[in-house]
Amino acid sequence: MRFIDTHTHLYDEAFDNDVEEVLGRMEEAGVQKCILPAIERTTYARQSAFAVAHKGMAFEAIGLHPTSVKGDWREEMAFVEERLACRNGSGVESCDGEPFVAIGEIGLDCYWSKEYLEEQKEVFFRQLLIAIERDLPVIVHTREATEELFDVLERVRAELSAPYGGVPLRGVFHAWSGSPETYARLCRYSDFYVGIGGVVTYKNSGVGKRIEEIAPERILLETDSPWLTPVPMRGKRNESAYITFVAQKVAEVKGMELERIAEITSRNAELLFRI
């Protein structure tokens, strides 16, 4: 079996002391590729260095995480656009890595603070337009911000004068825990994927129930390591090798063989991120 971890922070300091062992367990588990979502400028150098060291296995996204949207958001956005122009431009050979495969992790978060909510919405809107312009998928984080999310999607539709169901976006909603009704609303804009991680293994999370009606062809597997560790490893630092526990639970929910879930979700990731 082969797996693709579509959301992992392997460049995080949590892995500094044993990253080679972590990568070894990842390989043994069959995790052949991974996507590294961005956070902000201060984490960029670590992310880039990790991807360069593991070219062909680790693929980078670029973007500004909603909880990192503060008073300096314009400078942060200028950094995102400058890096994109360098790496995903034409004829540039002096950049610090391979082209980015996605815009993310971007979105809205009202759980931690609403202080910069309007700025979050503006940054999210701008990054969605950048993704459309660059023909890149988005990795979207939303937490307690459902209606605000749809406000921004409607703004994108109006900006593009896009018809109903015609917003040219593609991407994944990371750490999906939304209702079937919310997913149906999202599909009015585009055929988004949902990212399923360790939370699906938690007894009272309800995530398993919420993906019963979502086709396997719209599901991606992720860990969000070093966070959101799945059962039976909960309480420990998460790592990409633990994606097998996520896959097993998804297979159980969908009534499918584990090998089939691994095959379908890996193909989904390759199609979305073009890796």
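Trainee: Which helices and strands each supply at least two residues of the lining of the largest pocket?

Mentor: A pocket is an open set of points on a 1 Å grid over the protein atoms alone, where a 1.4 Å probe fits and protein lies on both sides within 12 Å along at least five of seven lines; lining residues have an atom within 4 Å of a point. Helices (H or I, at least four residues) and strands (E, at least two) are DSSP runs, numbered from the N terminus. Here the elements are strands E4 (102–109), E5 (138–143) and E7 (193–196), with helices H5 (146–160), H6 (180–186) and H7 (207–210). E5 gives the most, with 3 residues. This is a predicted model: local features need pLDDT of at least 70, side-chain atom pairs count only at pLDDT 80 or more, and totals for chains, interfaces and linings use all residues. Residues are numbered from 1 along each chain as its sequence is written, and side-chain values use heavy atoms, with hydrogens and water left out.

Trainee: How many residues line the largest pocket, and which lie nearest its centre?

Mentor: The lining has 37 residues, and His141, Thr142, Arg143, Ala175 and Leu228 lie nearest the centre. The lining divides into 14 nonpolar, 16 polar and 7 charged residues. Here Ala, Val, Leu, Ile, Met, Phe, Trp, Tyr, Cys and Pro count as nonpolar, Asp, Glu, Lys and Arg as charged, and the others, Gly among them, as polar.

Trainee: Which residues of H2 are buried?

Mentor: Buried means under 20% relative accessible area, exposed over 50%, and partly exposed in between (1.4 Å probe, protein chains only). In H2, the buried residues are Thr43, Tyr44, Gln47, Ser48, Phe50 and Ala51. They lie on the same side of H2, because they cover an arc of only 165° around the axis, taken from the directions from the helix axis to the C-beta atoms. An α-helix has 3.6 residues a turn, so residues three or four places apart point the same way. Thr42, Ala45, Val52 and Ala53 are exposed on the face of H2 turned away from the buried side. The buried residues of H2 pack against helix H1 (19–28), strand E2 (31–36), strand E3 (58–62) and helix H3 (73–87).

Trainee: What covers the buried residues of H8?

Mentor: The buried residues of H8 are Ile243, Val246, Ala247, Val250, Ala251 and Lys254. An arc of only 135° around the axis holds them, which puts them on the same side of H8. Their cover includes strand E1 (3–5), E2, E7, strand E8 (219–221) and helix H9 (258–273).

Trainee: Is phenylalanine 173 buried or exposed?

Mentor: Phenylalanine 173 lies in strand E6 and counts as buried, because its relative accessibility is 3%. Contact means heavy atoms within 4.5 Å. Leaving aside neighbours within four places in sequence, the contacts of phenylalanine 173 include Val140, Leu149 and Leu186. Tyrosine 164, in the loop between H5 and strand E6 (171–173), counts as exposed because its relative accessibility is 65%.

Trainee: Which residue other than glycine has a positive phi near 50°?

Mentor: Most residues other than glycine have a negative phi, and most peptide bonds are trans. Serine 161 has that positive value, and is found in the loop between H5 and E6. Aspartate 135 also has a positive phi, of about 55°.

Trainee: Where is a cis peptide bond with omega of about 15°?

Mentor: One joins serine 225 and proline 226, and another, also with omega of about 15°, joins valine 231 and proline 232.
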